[in-house]
Amino acid sequence: MKTIAVIGSGTMGNGIAHVFAQSGFHVNLIDISAQALEKAMGTIAKNLDRQIKKELISELDKEQTLANITTFTSMEEGVQRTELVVEAATENESVKLKIFEDLDRICDTETILATNTSSISITKIAAATQRPEKVIGMHFMNPVPVMKLVEVINGYLTSKETTSTILTLSEQIGKIAVPANDYPGFVANRILMPMINEAILSLQNGVAGVMEIDQIMKLGMAHPMGPLQLADFIGLDVCLSIMRVLQDGLGDDKYAPAPLLVNMVTAGQLGVKSGNGFYDWSHGTKELIVAAQFN
């Protein structure tokens, strides 16, 4: 496998393009917005500079990585002669289903179609195509260039050959691939999101403040960051979307999203991406937002 396409140039998409390109693959990075693609290439360059500063790569490695990426605003042009397409668009079911329906029509019949979804059913996505045996989940963790895990999710009809190919490919780009089956939230988010939701409920109910909840989980459970800071980092809208997938898919009210989470998303407080959430990110630093609902 030499050429792959990545659909979506946001945080996850540019990270996925980065790791494939750095591992020697030719990457077609696709987005409907030329401005978004320009921003993505700038982000990749900055992340490569960080690796140079840490003496993980050389300046020549950076130049070669960037040279391995070609940008496209046309999906049909960008997926031509690719052996793998990784979809990293917004975590919206209808958007993903439409993308996969289109990919099935315009891609070569042997092309594997992967999705970076963090919660949406792989089987349902595969059903939008005529090649369900070649559809699989590749759930990368954020930030992609740093985090080692790729959660590889098999749909109901994903073939063993497809799974084997993706497991091997994940190793080739320096990741550790861990297989899982297609149930709501898979493994990572089925465990992580209820913990984050419970932290939000604890805040909502006045058990403790934002800093205190995060500090307890960091110091007491050896988590690298607290659940509320992590929620900001993931995006509160994404957390809400995943909780709703869990609630609908598993049919259990224990997965009901915290009212505070719903209210914050409705108000546009989405975490790092909006500049505010449980913390103030507007100046690039983590500062506690002092608001009545958090007292």
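The structure is a predicted model, in which local features need pLDDT of at least 70 and side-chain atom pairs count only at pLDDT 80 or more, while totals for chains, interfaces and linings use all residues. Residues are numbered from 1 along each chain as its sequence is written, and side-chain values use heavy atoms, with hydrogens and water left out.

Over residues 3–182 the chain is 43% helix and 22% strand, with the end C-alpha atoms 27 Å apart. Residues 185–281 are 62% helix and 2% strand, and their end C-alpha atoms are 27 Å apart. Helices (H or I, at least four residues) and strands (E, at least two) are DSSP runs, numbered from the N terminus.

In soluble globular proteins, nonpolar side chains tend to be buried together. A nonpolar core is a set of buried Ala, Val, Leu, Ile, Met, Phe, Trp, Tyr and Cys residues joined through side-chain atoms within 4.5 Å; buried means under 20% relative accessible area, exposed over 50%, and partly exposed in between (1.4 Å probe, protein chains only). The largest such core has 31 residues, and those with the most contacts inside it are I16, F20, V27, L84, M138, F140 and I166. Helix 1 (residues 11–22) gives the most to this core, namely six residues. Leaving aside residues up to four places away in sequence, I16 touches V6, V86, A88, N116, F140 and V144, where contact means heavy atoms within 4.5 Å. A second, separate core of 27 residues includes L203, L230, C239 and A258.

Helix 8 (residues 188–204) packs with helix 11 (residues 236–250) at an angle of about 115 degrees, their axes being 10 Å apart. Axes are lines fitted to C-alpha atoms, for helices over the stretch in contact, and angles run from 0 to 180 degrees between N-to-C directions. Helix 8 and helix 11 are therefore roughly perpendicular to each other; angles under 35 degrees count as roughly parallel, over 145 as roughly antiparallel, 65 to 115 as roughly perpendicular and the rest as oblique. Their contact is made by N189, R190, M193, P194 and N197 of helix 8 and by C239, I242, M243, L246 and L250 of helix 11.

Helix 10 (residues 227–234) is mostly covered, with six of its eight residues buried: P227, L228, Q229, L230, A231 and D232. The cover over these buried residues includes helix 8, helix 9 (210–221), helix 11 and strand 9 (279–280). After helix 10 comes G235, whose phi is positive, near 110 degrees.

Most residues other than glycine have a negative phi, and most peptide bonds are trans. A cis peptide bond, with omega about 0 degrees, joins N142 and P143; P143 lies in the loop between strand 6 (135–140) and strand 7 (149–154). F186 has a positive phi near 55 degrees and sits in the loop between strand 8 (176–181) and helix 8. F186 counts as buried because its relative accessibility is 5%. A222, in the loop between helix 9 and helix 10, has a positive phi near 60 degrees. At 65% relative accessibility, A222 counts as exposed.
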